[in-house]
Amino acid sequence: MRTFTTLDDVAAAAGSDIGTSEWLAVDQARIDSFADATLDHQWIHVDVEQAGAGPFGTTIAHGFLTLSLLPHFASQVFRLETPGARLNYGLEKVRFPHPVPVDSRLRSHVRFGEVRDLPQGKQLIVEHTVEIEGRDKPACVAQHVVLLLA
């Protein structure tokens, strides 16, 4: 776990690998809960029987479920204890290269990308590559934009 206490520390880490999270299991209960929370009950995610006969032979996690796990993964890898507010500003270049079959395990490799100066602080790009255990292609590749206000 890396802890960053100043904006200069964050800027100095730009372009570097920060670490890798622990594995997290994505079971049918998690998929069903996400479907309930988002009102997205597409059969490929929640109908075990129909999905079993579908293109992947099983249910798969929602892409947005995988994306929603980024804050969890990040919290296992680094902490921002910089002065001022830390705000989620959005996402850039999100892709889902490989579906996540039910009962897969995921983890994220975290890297700090560009750190931009702003009049009120810094903008940090946190790059996530979410790996599926035993698969060559990642489940998700995304750039999370965080504002660090002084």
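Predicted model: local features only at pLDDT ≥ 70, side-chain atom pairs only at ≥ 80, totals over all residues.
Local features require pLDDT of at least 70 and side-chain atom pairs pLDDT 80 or more, while totals for chains, interfaces and linings use all residues. Residues are numbered from 1 along each chain as its sequence is written, and side-chain values use heavy atoms, with hydrogens and water left out.

The chain contains six helices and eight strands, assigned as DSSP runs (helices H or I, at least four residues; strands E, at least two) and numbered from the N terminus. Their order along the sequence is β-α-β-β-α-α-α-α-α-β-β-β-β-β. The C-alpha trace spans about 55 × 30 × 20 Å along its principal axes. Of the 150 residues, 41% are buried, where buried means under 20% relative accessible area, exposed over 50% and partly exposed in between (1.4 Å probe, protein chains only).

Three aromatic pairs are present in the structure; rings of Phe, Tyr and Trp (its six-membered ring) pair if their centres lie within 6.5 Å, and planes under 30 degrees apart count as stacked, over 60 as edge-to-face and the rest as tilted. Phe-64 and Phe-96 form an edge-to-face pair, at 6.3 Å centre to centre and 90° between the planes. Because Phe-64 lies in helix 5 (residues 63-68) and Phe-96 in the loop between strand 5 (86-95) and strand 6 (104-118), this pair ties together parts 32 residues apart in sequence. Phe-64 is exposed, at 58% relative accessible area, whereas Phe-96 is partly exposed, at 37%.

The pair of Phe-78 and Phe-112 is also edge-to-face, with ring centres 5.1 Å apart and planes at 90°. Phe-78 belongs to strand 4 (residues 78-80) and Phe-112 to strand 6, 34 residues apart. Both residues are buried, and together with Phe-4 they form one aromatic cluster.
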